[in-house]
Amino acid sequence: MRCPFCGFADTQVKDSRPTEDNSAIRRRRQCPRCAARFTTFERVQLRELTIVKSEGKREPFDREKLFRSMSIALRKRPVERDRLEQIVNQITRRLESSGESEIRSKVIGEMVMDTLRDIDKVAFVRFASVYKDFHEVEDFEKIIGDLGGELGEGLVGERD
């Protein structure tokens, strides 16, 4: 593993242990050249996944991109980082075990929206507004209306 600080190619592993959910190995490393310490995570990858965008462009699946997009939607919401890691791991495993090597981006977007709808309605609306490219207030009203009774009365409309 290359040192992220000085670029030296041969760092030493000082400690290895599984993550809490056993989905990865956490390794503490030290660079013998600059003495910097850093952490890496090693994950099992069942298959190479390619994402097919709506315009037909293909790109490799990026787990960190999925994590970032969900964490933006969940910013300042009561969902712990560990819980988000578990959710991203579950989505990644579902994609890898689907038997398909090419996954349409729409499939991932729908998986994320379904998951967010179940864990945090505000994060769901935030993600949907970007994913579905909202342009008008009516777009928000429609998706909140589609959630119906899940959100309760009085969330949309006049304030007292």
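Which residue forms a salt bridge with lysine 53, and how far apart are the closest N and O atoms? The partner is glutamate 59, and the closest N and O atoms are 3.8 Å apart, where a salt bridge is taken as a side-chain nitrogen of Lys or Arg within 4 Å of a carboxyl oxygen of Asp or Glu.

1. Basis of the note. This is a predicted model, in which local features need pLDDT of at least 70 and side-chain atom pairs count only at pLDDT 80 or more, while totals for chains, interfaces and linings use all residues. Residues are numbered from 1 along each chain as its sequence is written, and side-chain values use heavy atoms, with hydrogens and water left out.

2. The sheet E1-E2-E3. Three strands form an open sheet in the order E1-E2-E3 with antiparallel pairing; strands are DSSP runs of E with at least two residues, helices are runs of H or I with at least four, and both are numbered from the N terminus. Two strands are said to pair if DSSP finds at least two bridges between them. E1 and E3 stand at the edges with a single partner strand each, so one side of each is left without a neighbour in the sheet. Neighbouring strands here are turned by 25° against each other on average, direction ignored, the axes being lines fitted to C-alpha atoms (for helices over the stretch in contact), with angles that run from 0 to 180 degrees between N-to-C directions. Six bridges join E1 to E2, and serine 16 has arginine 27 as its bridge partner in E2.

3. Arginine 27 counts as buried at 19% relative accessibility, whereas glutamate 42 is partly exposed at 43%; buried means under 20% relative accessible area, exposed over 50%, and partly exposed in between (1.4 Å probe, protein chains only).

4. The sheet E5-E4-E6. A further open sheet of three strands has the order E5-E4-E6 and mixed pairing, with E5 and E6 as the edge strands, each pairing on one side only. The twist averages 35° from one strand to the next. Strand E4 (residues 50-52) is joined to E5 by three bridges in an antiparallel arrangement, and valine 52 stands opposite arginine 58 in E5. Helix H3 packs on this sheet, touching E4 and E6, and its direction makes about 60° with that of E6; contact means heavy atoms within 4.5 Å.

5. Charged pairs around E5. Nine salt bridges are counted in total. Arginine 58 forms one with glutamate 102, the closest N and O atoms being 3.0 Å apart. Arginine 58 lies in strand E5 (residues 58-60) and glutamate 102 in strand E6 (residues 102-104), so the pair ties together parts that are 44 residues apart in sequence. Arginine 58 is partly exposed at 47% relative accessibility, and glutamate 102 is partly exposed at 39%. Salt bridges that share partners also join Lys53, Glu59 and Lys65 into one network, in which Glu59 is buried, with a relative accessible area of 19%.

6. The nonpolar core. The largest nonpolar core has 28 residues, a core being a set of buried Ala, Val, Leu, Ile, Met, Phe, Trp, Tyr and Cys residues joined through side-chain atoms within 4.5 Å. Helices H1 (63-73), H2 (81-96), H3 (105-119), H4 (121-131) and H5 (137-147) each supply at least two residues of this core. Those with the most contacts inside it include Leu66, Leu95 and Ile108. Isoleucine 108 touches Ile51, Phe61, Leu66, Leu95 and Ile103, residues up to four places away in sequence not being counted.

7. Aromatic pairs. The whole structure holds three aromatic pairs, for which the ring centres of Phe, Tyr and Trp (its six-membered ring) must lie within 6.5 Å, with planes under 30 degrees apart counted as stacked, over 60 as edge-to-face and the rest as tilted. Phenylalanine 5 and phenylalanine 38 have ring centres 6.5 Å apart and planes at 65°, so the pair is edge-to-face. Phenylalanine 5 is exposed at 57% relative accessible area, whereas phenylalanine 38 is buried at 8%. Phenylalanine 134 and phenylalanine 140 also pair edge-to-face, at 4.9 Å centre to centre and 85° between the planes; phenylalanine 134 is buried at 16% and phenylalanine 140 partly exposed at 35%.
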